[in-house]
Structure formats: C-alpha cells, structure tokens
Amino acid sequence: MTMRPWIRAVVLTVLVTVVPLAVPPASAGPQPSSTAVTVDGRKGGRTFDGVGAISGGGGNSRLLIDYPEPARSRILDYLFKPGYGANLQILKMEIGGDTNSTDGAEPSHQHTANDLDCNRGYEWWLMTEAKKRNPDIKLYGLAWGAPGWIGGGSFWSQDMVDYLMRWLGCASSHKLAIDYLGGWNERGYDEAWYENLHATLAARGYRTQVVGADSGWDVADTMAADPAFDAAVDIIGAHYPCEGGDGGRALSCESGDAAKASGKPLWASENGSLDLDAGADELIRSITRGYIDADMTAYLNWPLLAAIYPGMPYDTVGLAVADQPWSGAFRLGKSLWATAQVTQFTKPGWSFIDSASGYFGGDRTNGSYVALRAPGNSAYSVMAETTTATAPQTLDLTIAGGLPRTVAHVWTTDLSSPSAHDNLAHVADVVPDKSGRFSVTLQPGRVYTVTTTTGQGAGTAASPARSGLPLPYADDFDQYRTGAEARYLADMQGSYETVRCADRSSMCLRQMAPVKPIEWQDDSDAFALIGDTTWRDYTVSSDVYWDQPGTIELIGRAGRQSRPQSHQEGYFLRVDDGGSWSIVRSAIDATLTTLASGQTTAPGTHRWHRLALAMSGTTLTAVLDGKPLGTVDDPTYAAGNAGIGVVGYQTDQFDNLRITPAQRVPAPARVTVTAPKELQRGETGTVQATFTVPAGSPAATGLDLVPTGPSGWTFAPAKVHVDSVQSGSSVTATWAATAPTLRDTPTANPLTVTATYTQQNVPHWAYGTTSVDVPIPPPTGTEYVSDLAFVSATNGWGPVERDTSNGEQAAGDGLPITLNGTVYPKGLGVHANGSVEIYLGGACNRFTAVVGLDDEVDPFGSVRFSVSADGANLASTAVLTNADAPQPIDVDVTGKQYLTLTVDDGGDGNAHDHADWADAKVVCN
C-alpha cells in the first residue's frame, strides 16, 4: 500500500505553472486571469469543524461489513486513514430504528421497551474501525426513525430522549464517545424536546453537543425568538443548503441572516446525494462556496459509500461503491479525492481566513478558493476549485502575518480525468520569494491545494476483480451470535436477526420489529434482500415458522427499487397461516399484480414448514412442503436478488435458507391475443385468443380463458371453457369487446386473456396481451384541463393531481391549489420535471391559466412553465420562485391537435418544485 511518488515529476509541468510573482507564467495562448490573495495569519474567520460523511439514512453501508479481507480494510483505509484517501474528519451515523430511511433499514438497539442489545447492526463496528484509523475523528448520531413503541408512536417524547440515552450508553460500552447528537432527520423540531435533550445530556455528564435540526435554516429563526431553545442547540445543521438542494449543482449556497447572527457553528449537516464521480464538482463547491457564501464550517456528504445492491436507489452515490462483498470488488469515486483535497490538508480547529477566501476575479464562474491556518499559525492551506472555469486562473499569493514562508506544496485532482494518476497528485513545490510571494496557475475542472503541511498521499491498494456469487448458496444461521445480521442479507424494512429457533435447538432468523415503526418514509412489508442481482434461474427456499397469524413471503428476481421501498420489482410468493397463497408481481411503481393464487392445507401457527419459489425461464412455481401449489408463466423479470419477508410486522422465523440452480421445466403453454388496432369509445370489436400447448409438454385440462381490460371494458362471453388441449395442439376463443366511454380511458388499452388450467394435477396460469387504441374525443365549449383525459402525463414526484396541489407521492394527497394566498378550485398540481399532454383535435382556439409555485412549498422551489402545441413552443415563463407573483398565461391554440404543458426545474434541481397550472382551461368550438 505504497504511495506513488514516481508520478509527481511526470505531471509537474503539465498541471500547474508555479513562478515567482515578478515572472509571468509561460503560455502559448491567452494569459490566465490573475487574482491577488494575501494569506495573512493575523486575519480571522470562523473555526473549521471538518468534512465528513454519513453512514445511514438508509442502510448504505450494509454490505461493507461482509467484505472479505484484505478488501474490507482497503476500503476502510481509503475512507478514514489519514494521508491515504478521504481522511474523513466526522462520521455521522444513523441511530437504527427498524425502518427504511432510503436504501434499507438499520436495526434498533431497543426493538421493544424491555429489550436492549448494544451489539446490533454494523454502525458500532464501523465507528470502531474509523477510530482505529483516525482517533481524532468526530462521531455524530442521528435518528431517521424509531421503533413504534416509543411515545405510543410519537417521536417527540420522553421515551425518545431515554432511548437516545440508552444508545449513548451502548456507545460507551464500545468505548466510543459521541461528539454530536441530533433529533429527527428532516422532520423539523420540537423546541421543548430539544431543551429536554440538552438538559438530560448535561445531567448525565455527557459533553455531547446538540445539532438542530437536520432540516432547514428555519430553526435559526425560531432560536432567535426563543432563548431557551437557542441555549439547547449548540450547532445549527441544515440539509442541502446549496443551490439546487438535494442533488443540485451547488453553484451558490445560503444560510440566512438569523443563522449567521446566531453565533453558532453553521453546518451542511447533510449534503450530496450525487454520483461518486459526477458529483465531485458539486461536492467541492459545497465546501468552498458553502463557507464563502454561507459561513458553513462543516460539510457532511450523504452517503459515506454505496455498499448496497445494484438497482437500489442511489446505488452509485457516495465516496465509493462496494456492492459485491463475495468478490471484494470496490470502486473509488472522484468525490473521495475531492474530499481528500480538503481533509488531508486541514484539521478541525483550524481557522478560516475570510480575507483570503473568495471567487477568482470576483466572479463565481471562475471558481472559488478558501484559506485556513493552523493554531499558532504553524501552517496554512489554500483550497481552490476551478470546476466552473473555462480558462486557467492564477492565484498570486502573498504569505504574511506570521504564517510560514517555507516551501509550499501543490496538490491537485483532475475531476474529469479517468486516470487514478490524476487523483491527489503532488505536482509542484515552490518557495516564496523574500516578500512571501508566489503564483500558482490553475487549470479548469480541477481541485487544488497549496499547503505547507506534509504527510499527504493517495493510496494505491487495488480492488479485486468483480465476479458473480455462485450457486448454490445456503445459510443455516448456526454460526452467528444472537442478535446478528445474516451475511449478505440486507433489511429493507423491519429487522431480521438471528435468535434461538422456536421448537428447534439451532439458530434462525426472526423478524424483530413487532409493530409498525415511527417511519421516515412510507410503509411496506418487512422484507430483506440477499444475493447477486444477476441470478436468473434459481429456487429460493426456506424453513418458515408462523409465530402469529399472518403472511410469510419469499422473494425472487428482485430488481430495481424506487422510493419508498414498497416500489420493488420482483416476484413475491405469499402464503398465510390459513393456507391462502399467491404469486405476486411487484412493479417499480408499487403496483401489485396477482399472477396466481389458491388455497391449500392450512400451515397453521407454531409449526415449521418448507416454502419454495422456483423460477426457470418464464415459469414460476410455488411449493409448500414439497408439493407444488401452482405454476405461472410470466416474462417480466429475468434476474435479481432473492429475499424473505412478512406482510406487516409479524415476528415470524426463517431457517435453512437456500438458493439453488433451478431445474429445467417443460416449455409453458402460450396465449396469443389479437384485436382491432383501434376502437372508438363505446364501439364493439372482436378479440381472439389462441392457447397452445407446445409439443413435448403435458396436456392441459380444465382450461378457462377469461379476457380483461382497463376499467369500463366489457366482454361477451365472460369466459370460454375447454375440457382439454393435447400436447402440440391449440384452441382459439372469440369475444365481442366494447370500449369504455369513461373520461380517463387510456389512449393505449392493454387487453389481457388469462388462461387457467391444470397440467399433471398442478394448477397453471398463463397470460396473453395485446393493445387497442381508444382515441380521445376533442373537447367542446369551455373545458377545464383537469376535467379532460390526458394523452400522457409525467411528474417529478408522485402523480399529476387534478384540482389539488401536487402533495406527496400518493395519488389524491394534495391540498387546495394556492398561489400567493389565493385558492383556486380547479387546475393541475404538478412537480418538476413533468408534462401533461391533452388532445385538442383542432377544435379549440385558446388556452389560459395562472401559474406559479404552490404555497405548500413556500419559500422554496424554482420552476419554468412552457406551453407547446404539435411540437412548437407557444409560451414560456421566466424561472419563477415562491417570491414571484403568479403569472397569467393566455395563448392562441387555433387548429392545434395536441397541447403540452411542461414544468422544468429551471436548471437547479427539482427539490420543492411543486407547481400549479391554476384555473387551466381551453376554449373550443
């Protein structure tokens, strides 16, 4: 694990030009613009508190603990070891609450009021490993959710304060001192609760500082008006305080007058949410510009790394990616090296020098720089970024005020270079002249550090090659201690831990959260995922034990997941204690489609059974105690993780989990469907379905063919029955299908014919689908857009809402449309980036609306509205914020066929962009 000193001489003259101030830098083109900066040790500024990252906010470190050595230690070194990689100065970790907080759920130390286990989860291990590498690293705890027993479901309760005290006691048992403690992530604040927390910490002898409120800067306004609350908050921490918010470009940052006047340290206590490479520009801008613009003295990147399965939300976000614990493979991001350009050259307790911090040439498009000095003026460092510059920039530096005029070392990271040689490269050493002056020319698209400190370096430990997790895979859970998480098993909701089995002498997995937690995001089944996302044809099986009445799940081919975690692609085999079973297909939008279902002998409670879901090609088979329950043919998902789960929060048990290669099965029966390409609303046409049993497959008996369509479709007859279809034979059925007349009838209508039949005494299901277009009739008279059918609709957060604001992710959860205090009963509530298309059919002549940011997100958000028709833009607003008055729109749409209403984020990210097309209507013939 040596450094790479041999690179430095090679890149010296390429990356940086360093000359005495009196000698102009050599250049074949235009001279770089110059900025004179005096780094004066007598000048002051705020105290630097550090740069760190967050483990939590969603299980994003889960797989790291399962990595083999030496890969695991290599990753940890890159994150925490001084002079080697990110050299993090603060580690913020989630206080687990048995609930999903973005990419998974972390276990609580106290699942119930009478339970306490200080060894649960992986955060204690991670904190210990971080401290082992850097004893000076600061630790910061924050809850995203909590077990449901707390406060009867109320977070802001005495129970929660006591719960945090027990967590601090657990930290002490691991010989860990927690430096900072927050409240409830991004859920505002309760003043009395914070006052109670602060007083309890003092009474218990903790020196832990309280951070408030891990949400927005509005907490500073409340503190200014409430002296007791002000005294209870030691540090003001806001999330995503730079331009664009969550995932934004961070071209500028803000904190507000009240925060700056508070006298408290101001932190970006969560920032980032960006790709490990593509987000490096924004990361370094948030650090430098965060101080210049907003006096922020600490920056915490979310997340630490993406040690989660591919396909999860944010699966390449963080400082590194570690998603294959079986192979040991990992990937380091440019964000890690951008972080190192600060952390390896400073320490918490250094002071910013305000007079030596700013923008090149006074123009933020040229880039930014900040200067810091060590206590006693023993050293200095100047960090500069040229991420938005289009030409070289020169820093003309003068070192004064007792700072050392010794050799200055120049280090840089090229954020656009794919080469590891361009990460944290030492490119020059320069001695100031007698006046303490020298110049550094900086190329665009880079991060630079000019420093008198030493001991820096970029580690060279390499990642092993990626490889698949071979099958079969098995775990009987007997090798774990009580309260452990099983290898490779990642909780998505609830908590799965090893316990002594019921009615067995061995160890099992048990779902430990007995009630719905206090959640950070929406609810779902309590489930966990395991294994390789490239697994294709396999059988997942487990011994299962119903501890209470309810439903147990096995999961197969789990693919992409969106937020919240119920938006999980995959197949779910569900069996309840009464014998009802189903194979359900779950989609990325949380739509659940039952593919097959039935009734079998009731498993009952407090008995062990063997459950299996087999997937071979497009054939899915449910098996209980060795007996096939049913088989369905579905081609939707070809590969993905396996998993286990319960519907709700039963404390059921699992043992002897196995994932084995699937056996080959006969080719499934096929259903092909034909129908007219187009039907008008209310028109009737002929639909035909042909059912075929491939040659070599068993005969099908008791065949029923049933057509279905979107709401409002009718079919005659309702069902066609055929006694048997022999191997290699086909049968065709015919229906009269009538299109609906409903407003929300989709333009494209999928029609499905379901075949249910028996092969070799096993129930089977097969499906065939076609699509019929049902044109939307043109509007007549004056019509509100919210009363018309949509040709298409996309939205940046949840669905487009009719006659309410956008609200949250669920349909129908908006509020009355309100612009600048005026309520509009009609209109569309949308979220950038999104659009709505309606059909005019040449029958209309005007479109009118009043547009703006809904009051529900005041004072946040920025959007631009556009109206186009038949591909041509008709009108656009400027970028509007909540400070702007609502804007009227009135455009001529004479002869136009299709009208499109678009809202975009104005180029700064779509956080809080709840926009309204209020009173939107068309005037037609």
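Helix H3 (123–133) is largely enclosed by the rest of the structure, because eight of its 11 residues are buried. Buried here means under 20% relative accessible area, while exposed means over 50% and partly exposed lies in between (1.4 Å probe, protein chains only). The buried residues of H3 are Glu 123, Trp 124, Trp 125, Leu 126, Met 127, Glu 129, Ala 130 and Arg 133. They pack against strand E3 (50–55), helix H2 (71–80), strand E4, strand E5 (138–143) and helix H4. Contact means heavy atoms within 4.5 Å. The names H and E follow DSSP runs, numbered from the N terminus: helices are H or I with at least four residues, and strands are E with at least two.

This is a predicted model, in which local features need pLDDT of at least 70 and side-chain atom pairs count only at pLDDT 80 or more, while totals for chains, interfaces and linings use all residues. Residues are numbered from 1 along each chain as its sequence is written, and side-chain values use heavy atoms, with hydrogens and water left out.

## The nonpolar cores

Where do nonpolar side chains tend to be in soluble globular proteins? They tend to be buried together. In this chain, the largest nonpolar core has 174 residues, and Phe 80 and Leu 91 touch the most other members. A nonpolar core is a set of buried Ala, Val, Leu, Ile, Met, Phe, Trp, Tyr and Cys residues joined through side-chain atoms within 4.5 Å. Helix H4 (residues 158–173) gives the most to this core, with nine residues. Another core, of 33 residues, lies apart from it, and Leu 853, Ala 869, Ala 875 and Ile 889 are among its members.

Let us visit Leu 91. Leaving aside residues up to four places away in sequence, Leu 91 touches a list of residues including Ala 53, Ser 55, Phe 80, Ile 137, Lys 138, Leu 139, Tyr 140 and Leu 304.

## The chain as a whole

The protein chain has 10 helices and 58 strands. Its radius of gyration is 31 Å, close to the 29 Å that the globule rule gives for 925 residues, so the chain is as compact as a globular protein of that length. This radius is taken over C-alpha atoms, and the rule is 2.2 Å times the number of residues to the power 0.38. Along its principal axes, the C-alpha trace spans about 100 × 80 × 60 Å.

Buried residues make up 59% of the 925 residues. Among contacts with a separation of 6 or more, 74% come from residues 24 or more positions apart.

## Backbone details to look for

The bond from Trp 302 to Pro 303 is cis, with omega near -10°, and Pro 303 sits in the loop between strand E10 (296–302) and strand E11 (320–324). Leu 471 and Pro 472 are also joined by a cis peptide bond, with omega about 5°; Pro 472 is in the loop between strand E21 (446–451) and strand E22 (473–475).

Asp 98 is not a glycine, yet has a positive phi of about 65°. Asp 98 lies in the loop between strand E4 (90–95) and helix H3, and is buried, with a relative accessible area of 1%. Ala 590 has a positive phi too, near 75°, in the loop between strand E30 (580–586) and strand E31 (592–599). At 25% relative accessibility, Ala 590 counts as partly exposed.
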